[in-house]
Protein chains: 2
Amino acid sequence: MKTAGPGRGTNSVSLRQYNERSLLQRLRRAGEASKADLARWAQLTNTAVGSIVESLEQSRLIESAGRRQEGQRGQPAGLYRINPQGAYGIGVRLDRTSIETVVIDLAGHILARRMHDQVLPQPEQALAIVQQDIAAVLAELSPEQRGRLAGVGLAQPYNLGSWLQQLGLEADFRVWDAVDFGTMLSQAVQLPVFKENDGNAAAIAELVFGVGRQENDFLYVFIGAALGAGAVLGGESLRGSSGNGADLGLMPVPPSALPSAPQLGGQWDILLSRASLNALSRHVRHHGIEVAGNAQLEAVVRAGGPAVAEWLDDCVDAFVPSLRAALAVLDLPAVVIDCDIDGGLIDALIRRSEDGLRAIAPEARQTPRLLRGSFRADAGAIGAASLPMFFNFSPRADVLRGHASPFVPTHHLQELSHA
Amino acid sequence: MKTAGPGRGTNSVSLRQYNERSLLQRLRRAGEASKADLARWAQLTNTAVGSIVESLEQSRLIESAGRRQEGQRGQPAGLYRINPQGAYGIGVRLDRTSIETVVIDLAGHILARRMHDQVLPQPEQALAIVQQDIAAVLAELSPEQRGRLAGVGLAQPYNLGSWLQQLGLEADFRVWDAVDFGTMLSQAVQLPVFKENDGNAAAIAELVFGVGRQENDFLYVFIGAALGAGAVLGGESLRGSSGNGADLGLMPVPPSALPSAPQLGGQWDILLSRASLNALSRHVRHHGIEVAGNAQLEAVVRAGGPAVAEWLDDCVDAFVPSLRAALAVLDLPAVVIDCDIDGGLIDALIRRSEDGLRAIAPEARQTPRLLRGSFRADAGAIGAASLPMFFNFSPRADVLRGHASPFVPTHHLQELSHA
């Protein structure tokens, strides 16, 4: 993937690509539309839209959706919609304690999945697992479907070897910080790999397949083992100079007041120490309740009790000022909150955060709308698989600056799927 | 000014405008360049660059800069540079205690200035002052120069009526929150007015005329009466959904430990309570030293002493975690710090902030480069005047999306200048 270099020149090929992608996005958001709808909306001529619609239909990214009578007389107008079978994306999500591989279609549906709940092994071993899983999910597609693969998305927390103390993990992942797993994977499977950290990938999933159908600007927060986050500004993902944009988990917060929290010393801890399922599990265990895995943790949350209530107080105490700080910086009207488990936790987090944000709202500043995320435990996997969709089909400014190649259906994957 | 609506279609007029602006930006950064340099850099054909250079030269935005021998033989290549006389911008900076109007050329030099150190009057009265000042600065331009005016930039703190307690002001500016001074001004002077809050405007000045010649991504912080800030991401200004992007002054911080600070109650105060010249003046006065105006305050800073040292400790204690939080969100490699006064204060702030940022750096995260701002007390005025330059001549993605009108030199201002 090329890096964006602002200020370069652009040409009419980029222009055409951008307009194609704009119309695809419009159809994704509107559900269905006529050529006249699209021309009005895009402020392009009917001729230009007609030519784009024709080529999108030829490449099968969109399809006919019947006809609609427009006005009193004349021919009913032909309607178009996204063709879910138009393209497929593979998503690989690496986490410190799991490996997940999925394949999705252009509508965002998961068609096949492989999941391993295990502490992340050495990179070579992880690569072997992922290769096998990619072959397995591809085997569930037809040869023609495999020819319409837009690429592989890789979502993983960056700096896997870091913050283990705050996360209460004793494993040693330092070797992961020295390898570029995206490049390893791309060489192994001979496919383009699009890599983002897990928070940004999940935010992109919301942008393409979730709340992004209505919202163009939002902050996204995912409470998982750690805390992942991303920001969508004007329909673009805030990547940041080093790919760590919207890294809310590392925002400074006062140390936790919970007796279960590790005593790290210093005036400032980081948000993921307090607002994460690791912190919740730690505190639940401190109360003498054993939890192994998210299903058990969700059951504990659903049952309620002092351990959960105490952690929630401590979590919100850290989360609310961090959210206010992030909103002061990004000036966004909405915050999407999602979580690996539910059992009432997401609603409680939203309610408590909203109250907290109002309580410390600075003069002259609104409190954003807080929205539930769309994908819960699937956010990571769908986030990963959204990356090839986003980079191939979304009208990003980079496309205009010439940093994008067109999607071309091929058949070069038939062998791989039988590997 | 039109609002950006991402995802719309674009056309070849936008494309040409964007490419023109890209070459202008390149010349601004490089100083001078040949057509071949520009074609290589922009990845455009020699023909395309030749045609753009010709029209930029015709509209006098660029000019010949002599010739340079390229290689062993053949004709020396013609060089081009920005023509400082190519366009002019008026800047109007409103603050709670001052009104300033300047006119700058395309090289960013201030050609004329009017300044009033007074508490901001009612909007109608302020409008009369600004109209007079605009006429006065324009009177110093020739009729031909006045015909090349790109517009008026208006920089003001948004929500002028707010945070007066934190700023230690007793005036009542609430009427300002109910008027749109930009529209009033535009109607009065019959010129396009580009409006940004003061922090974003000063960041745009750095982008166009200051550190932005080298840096494409930076956080900008201005310590003035309050604290203004802006962020530049990939050569674009982070405007935010309501125009309040990078509003670091409103980030939550623990309350000040200084006895001079107002006791507001609550667990969280806002950064501008502690990191601002208002907070410094307040603390200096608490030590029994009277200060009226920035010149006196700078003398106190230069002299040193416990009042300044105590405030600096308290300021940095609040500023450093806010900077870390902003950097976690924006992931930027550089921070530009500027201030209304100096006397050693800017260097001290940079040194102390750098030490503080290192001390609380999260695992696996770098400390950004801290740079001095370019404009000191002129940041607000040059910031305001940079706005018409930025919106008319910078290669922003919005241009590609069709949200920009071309700059056309006119002569409709000759009458105004004699008003």
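How many salt bridges does the rule find across the interface of chain B and chain A? The rule finds two. A salt bridge here is a side-chain nitrogen of Lys or Arg within 4 Å of a carboxyl oxygen of Asp or Glu.

## Basis

This is a predicted model, where local features need pLDDT of at least 70, side-chain atom pairs count only at pLDDT 80 or more, and totals for chains, interfaces and linings use all residues. Residues are numbered from 1 along each chain as its sequence is written, chains are lettered from A and ligands numbered from 1 in the order in which they are written, and side-chain values use heavy atoms, with hydrogens and water left out.

## The interface

Chain B and chain A each bring 63 residues to the contact (heavy atoms within 4.5 Å). About 4900 Å² is buried between them, and carbon and sulfur atoms give 57% of that area. Buried area is the accessible area (1.4 Å probe) that two parts lose on being put together, summed over both.

In one salt bridge, Arg365(B) meets Asp247(A) at 2.7 Å, N to O. On the side of chain B that touches chain A, α11(B) gives the most, with seven residues. Helices (H or I, at least four residues) and strands (E, at least two) are DSSP runs, numbered from the N terminus.

## A sheet in chain B

Three strands of chain B form an open, antiparallel sheet in the order β1-β3-β2. β1 (33–34) and β2 (62–68) of chain B stand at the edges with a single partner strand each, so one side of each lacks a neighbour in the sheet. Strands pair if DSSP finds at least two bridges between them. β1(B) pairs with β3(B), residues 77–82, over two bridges. Ser34(B) stands opposite Leu79(B).
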